[in-house]
Amino acid sequence: MQRIGVFVCWCGSNIAGTVDVEAVSEALKSEPGVVFSTNYQYMCSQAGQDIIKNAIAEHKLTGIVVCSCSPRMHEATFRKTAAAAGLNPYMVEIANIREQCSWIHKDMATGTEKAIILGKAAVAKVNLNAPLTPGESPVTKRALVIGGGIAGIQTALDIADAGFPVDIVETKPTIGGKMAQLDKTFPTLDCAACILTPKMVDVAQHENIRIFSYSEVVEVGGFVGNFDVKIKKKARYVKEDVCTGCGICTEKCPMKKAPNEFNMGMDNRPAVYIPFAQAVPKVATIDPNYCNMLKNGKCGLCAKVCTAGAIDYTQKDEIIEEKYGAIVAATGFNPISMDKFDEYAYNQSKDVITSLEFERLTNAAGPTAGKLLRPSDGEHPHTIVFVQCVGSRCAACAEKGKEYCSKICCMYTAKHAMLTRDKYPDTDVYVFYIDVRTPGKSFDEFYRRAVEEYGVHYIKGMVGKVSPEGNKLMVQASDLLANKQLHIEADLVVLAAAIEPDKSARPLATMLTASMDTNDFFTEAHPKLRPVESPTAGVFLSGTCQGPKDIPETVSQASAAAAKVIGLLAKDKLTGNPCVAHSDELMCNGCSSCERVCPYGAITYVDKEFRMPDRTTAIRRVASVNTAVCQGCGACTVACPSGAMDLNGFKNAQIMAEVDAICK
Amino acid sequence: MQVNNGYQPKIVAFCCNWCSYAGADLAGNNRLAYPENVKIIKVPCSCRVNPMFILRAFQRGADGVILCGCHPGDCHYTSGNYYTRRRMALLFSMLNFLGIEKERTRVEWVSAAEGAKFAATMNEFCETVAALGENKRLEDLRCKR
Amino acid sequence: MQKVTSELLVKKASELLENGTVTRVLGWKKGEFSYDLTPAVFESGEELIKDFVFSDFSGANFSKYLIKETKKADGKVLVFLKPCDSYSFNQLLTEHRFDREKVYAIGIPCEGMADVDKIKKNVGDGIIDIISDGDRIVVKTLYDGDKEIAADDVKAERCIVCKSKKCVAYDELLGDNGEVIDSERFDEVEKLEKMTDDERFAFWQNELSRCIRCNACRDVCPACTCEKCVFDNPKSGVENKAISDSFEEKMFHIIRAFHVAGRCTDCGECSRVCPQGIPLHLLNRKFIKDINEFYGEYQAGAEIGSRAPLVNYTLDDIEPVDAVKKGEADNA
Amino acid sequence: MHKDNNAVRDEIIRRSGVNPRKCMRCGKCSATCPAYDEMEFHPHQFVYMVESGDIEPLMNSKSLYQCLTCFACVDRCPRGVEPAKLVEAVRLEVIRKQGANHLKADDIPALVTEELPQQAIVSAFRKYTK
């Protein structure tokens with residue numbers, strides 16, 4: 001039996017004005033378990049807290065009920081008071097007789113009666129309370145960043161600068177991501193490589209950062225503070241620690257017909273390659289799909305020319321196991337496939353290109369060495385049509401496009417148009433838009449400059465059809481403001497393709513038990529207040545894997561995610577919320593219902609041996625709650641048909657005791 | 001609130017800790033009155049409410065039970081209230097199938113900012129239940145005085 | 001009259017026992033009368049020949065028995081699954097309730113089961129034997145000699161509105177597999193929905209007041225497989241083993257139906273075993289009907305591993321207030 | 001808004017099954033229309049005019065019959081608005097206004113002759129009973 005103390009607060013006249021506090025403390029005296037009951041002017045004051053502390057000591061209280069303001073106000077205060085007096089803080093319950101009673105009722109009799117009932121309910125609950133101790137788990141002080149684009153780079157650098165080791169896992173042979181492929185960046189037009197590559201070098205040289213390039217995460221176990229991750233380092237057939245990146249192998253390789261991914265397939269690269277000059281790590285990789293030596297054992301030239309002896313045709317995929325305290329998803333985006341957009345003739349004409357291809361065409365390190373030339377015949381285009389919202393804001397067909405706005409296209413199209421007019425003033429540039437969306441610092445000014453200073457023709461309307469005729473592209477479009485249909489003879493058509501999350505994001509989310517929206521973007525723990533965290537504890541979000549965003553936004557989010565990671569890794573131990581779910585193994589059916597409703601993936605199943613009533617033993621599958629991951633929502637308790645799952649602090653019996661007290 | 005012959009409906013309101021309980025606090029802060037018949041039980045999330053609690057309330061003499069949670073999409077635990085919505089849609093439909101007046105049970109989404117909505121909802125729910133009269137169809141006579 | 005005969009099943013089972021594929025056979029065992037069959041475990045060909053029966057009275061669904069039987073000893077258990085049993089079988093696998101490796105399942109076609117209570121109502125007491133003969137049934141009685149009735153007239157309700165003739169789980173299938181049937185099983189629920197609250201209350205008050213809390217419905221139900229039922233568990237707070245108030249019978253049946261909602265395959269065993277003839281399956285069917293209407297067609301057990309509607313959601317599910325109103329609109 | 005025309009608008013929306021509010025005014029329908037130059041009111045205007053209840057001018061315009069029903073606009077609309085179906089619905093409105101053409105099921109038996117292909121009856125029925 002509990003020994004309960006009841007403390008009724010007057011809150012000056014806030015409560016005492018409409019509740020007879022004396023009557024309340026008197027009435028609660030006779031409730032089961034109550035051994036002491038009093039009232040005081042300000043229970044939360046030092047003097048009030050002393051009354052509580054003294055009573056705990058004097059009456060050997062095992063539980064207390066404070067009839068006062070909302071628990072949202074002072075529950076923490078009174079829990080601390082109890083703890084200071086040696087009582088488990090979770091033996092404290094608050095009866096909210098201010099917000100729920102004295103403040104809304106004008107009549108003293110009514111208020112008093114209700115306050116007594118609320119007090120009784122709290123007493124009934126405390127009678128069933130049990131001391132709770134928050135679980136503690138150690139924190140592995142290392143972070144994993146999945147994705148080595150600008151988001152992953154920034155996050156890794158910030159965490160590493162704070163003194164924690166970070167590993168970056170990147171599927172490509174080099175970090176750098178999409179930003180490395182860009183030419184200039186809006187709205188300042190500085191060159192992407194000039195601002196990105198120094199950061200890449202910082203990453204390479206940082207003592208706290210390890211890069212696993214050409215690698216992928218294949219398994220994630222554990223939980224916040226204690227993730228166990230398996231990383232597959234794919235065989236690149238080149239010893240990473242030996243290769244000097246001199247590039248002789250790439251020059252000598254006789255197989256030069258592999259499409260160059262870095263240039264969007266617009267030119268070819270050798271079978272052994274370094275994606276681009278500033279790649280990090282600057283190490284060659286052999287593409288097993290094109291290498292003659294790996295395919296049929298005939299060649300071996302690269303091994304012969306490599307003075308460092310870095311080539312190793314026998315290399316195998318390698319699995320690395322590592323422990324991490326926090327994981328950051330920074331898997332980025334890709335432009336969507338243009339295959340379903342027959343109307344733009346993307347698959348029919350080489351001169352219909354996506355914006356990312358256009359970036360490569362204007363990039364000094366690109367296939368044309370920065371000269372804007374048509375992919376089909378290498379001629380300089382004189383009329384260029386840019387089409388915005390290709391596949392963005394497309395609600396009609398989920399297979400074709402995306403319902404959301406891709407956010408970055410308006411600005412990069414303005415950039416492309418402006419740069420084209422700047423370099424080639426003899427070019428006519430048309431931009432077809434539905435809306436021009438430029439919310440951002442100096443963004444609208446930038447777009448207006450493209451129109452006003454550079455003479456880009458912005459036309460409100462959409463392109464309906466592109467048909468190749470000879471070496472021209474006939475563009476049929478609408479001009480909504482002039483109410484005309486336009487027919488433009490273009491040399492080049494550039495499609496602002498919608499962006500979508502990288503395909504690796506969904507399987508990764510499954511491994512991380514992190515949730516995703518229908519578009520495969522990671523969901524945030526809270527869309528407004530916790531935008532860089534996943535609902536799964538210890539998993540953080542950086543960059544476009546969470547939603548479309550431009551570089552400045554990506555970098556801010558990357559740093560924000562890093563700050564959250566640093567906050568986590570700075571702790572030696574994680575203290576959990578003790579109000580977590582708990583499964584009674586004897587009653588558990590192992591049916592998986594609880595696991596399926598758990599938003600945090602906190603429930604796993606173990607096979608355990610049990611003694612059966614007939615003295616035999618049997619192995620049964622039972623649920624096990626990871627208290628470090630459980631957030632205590634209680635969804636599992638209702639999903640569980642046998643009632644094996646219960647929630648500490650809000651046990652079935654406690655809630656029913658409150659119900660009973662209220663309905664009496 | 002008193003309806004004819006001193007009959008006072010008993011209302012149990014389950015409120016989630018993050019939105020609706022805070023909404024109720026806000027109603028209090030703004031001194032928005034609602035009937036004293038309404039007694040609130042705090043739960044971490046509306047999805048903590050087991051149908052057994054609801055039946056228990058009726059058994060012990062409640063005349064109406066209302067569940068309040070965060071608006072769909074705003075759940076502190078991301079998806080708890082979506083489960084609540086399904087469970088309660090099915091439970092309430094079943095109770096009605098057994099002939100229990102559907103007005104006695106309710107789910108309302110009340111955010112932490114909707115103090116006025118909380119008070120208005122409670123006023124209206126209380127009136128509705130009072131108009132139905134005493135809960136006879138799910139009563140346990142032993143629990144009645 | 002069933003298309004597969006006892007003899008065929010006995011032969012099949014004996015073979016499997018003999019060649020060591022299985023060590024035990026779950027089957028229907030002859031009782032005092034030929035029509036009161038009991039579930040039993042057979043361990044030899046002799047036992048099978050002596051007592052195994054498959055007839056119009058082999059209604060019992062053995063899926064649930066597998067939970068305990070597979071744990072008892074090593075070696076496989078042979079189970080015969082009628083189409084509706086096979087759904088329960090899958091549902092239990094979805095819930096990881098037994099080890100599939102320890103079961104050898106033979107799917108058998110079912111022509112529908114006879115309802116002994118209907119026969120009794122038709123013929124009266126003193127039935128000593130019932131013989132199926134094509135679409136006729138010959139009832140031998142103590143007092144009135146032989147009586148003949150049409151098989152269709154005494155078919156079990158659940159078989160009249162049979163939802164599927166398709167075995168969805170088996171290692172081996174005897175005969176051809178049937179199809180899922182677009183049945184009229186919700187008609188009765190609809191009829192009740194169309195009543196007023198008062199009428200429905202009166203209907204259920206009348207039905208449920210007969211409940212004697214024998215727990216037969218729970219004990220036979222292949223979805224009620226909890227290690228410990230909340231109603232038997234003093235810790236659950238709702239423990240209650242006998243009924244002393246009309247509230248409790250409602251509480252028991254509502255909670256039972258809710259606990260199996262989305263998991264109930266509508267096998268109809270609850271109503272079959274109810275000694276008081278309470279149409280308990282209507283409660284389960286109401287949930288199934290609601291689930292179909294609110295969240296899209298869902299048949300528990302149709303496939304292993306499917307996500308039950310109550311442990312699932314969509315962002316735009318129906319609101320509870322509209323769910324209750326929906327019934328009302330349909331009435332209008 | 002043309003309040004008086006709300007009834008006509010609602011009827012056209014109902015008949016076509018098209019929700020013109022889904023239109024985001026991108027103009028791709030007009031960009032894609034092969035009969036654009038023949039039209040007084042272009043596909044995007046058509047959608048907008050139906051949405052705002054401005055239907056009278058559409059009914060009186062020759063544009064109504066310039067639409068080839070090629071469904072290019074339906075195919076390419078990013079929002080699934082289906083302008084061609086609206087055109088068809090307005091055409092029907094014109095036909096209905098003429099009165100006599102409305103076909104009832106009861107009228108059919110009298111029309112059936114040996115020579116009349118059944119398909120003709122079906123398509124006439126489909127057209128005049130929407």
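**Ground rules.** The model is predicted, so I kept local features to pLDDT of at least 70 and side-chain atom pairs to pLDDT 80 or more, while totals for chains, interfaces and linings use all residues. Residues count from 1 along each chain as its sequence is written, with chains lettered from A and ligands numbered from 1 in the order in which they are written.

**Chain A, overall.** I counted 19 helices and 34 strands in chain A; these are DSSP runs numbered from the N terminus, H or I of at least four residues for helices and E of at least two for strands. Its radius of gyration is 33 Å, well over the 26 Å from the globule rule for 664 residues, so chain A is more spread out than a compact globule. For that I took C-alpha atoms, and the rule is 2.2 Å times the number of residues to the power 0.38. The C-alpha box along the principal axes is roughly 95 × 65 × 45 Å.

**Burial and contacts.** I called a residue buried if 20 or more other C-beta atoms lie within 10 Å of its own, with C-beta atoms placed from the backbone. That gives 55% of the 664 residues in chain A and 34% of the 130 in chain D. A contact needs those C-beta atoms within 7 Å. Of chain A contacts between residues at least 6 apart in sequence, 71% join residues at least 24 apart.

**Cores.** A nonpolar core is a set of buried Ala, Val, Leu, Ile, Met, Phe, Trp, Tyr and Cys residues joined through C-beta atoms within 7 Å. The largest has 230 residues, and A:Cys67 and B:Val12 touch the most other members. Helix α3 (residues 80-97) of chain B gives the largest share, 10 residues. I looked up what A:Cys67 touches beyond four places in sequence: the list includes A:Val6, A:Phe7, A:Ile97 and A:Gly119. Apart from this core lies another, of 82 residues, with A:Cys249 and A:Leu569 among them.

**Chain D.** I found eight helices and zero strands here.

**Chain C sheet.** Three strands form an open antiparallel sheet in the order β5-β6-β7; I took strands as paired if DSSP finds at least two bridges between them. The edges are β5 (127-133) and β7 (145-150). Helix α5 (residues 116-123) of chain C lies across β5, β6 and β7, at about 110 degrees to β5(C). Such angles run from 0 to 180 degrees between N-to-C directions, with axes fitted to C-alpha atoms, for helices over the stretch in contact.

How values were computed. A residue is buried if 20 or more other C-beta atoms lie within 10 Å of its own, exposed if 12 or fewer, and partly exposed in between; C-beta atoms are placed from the backbone. Two residues are in contact if their C-beta atoms, placed from the backbone, lie within 7 Å.
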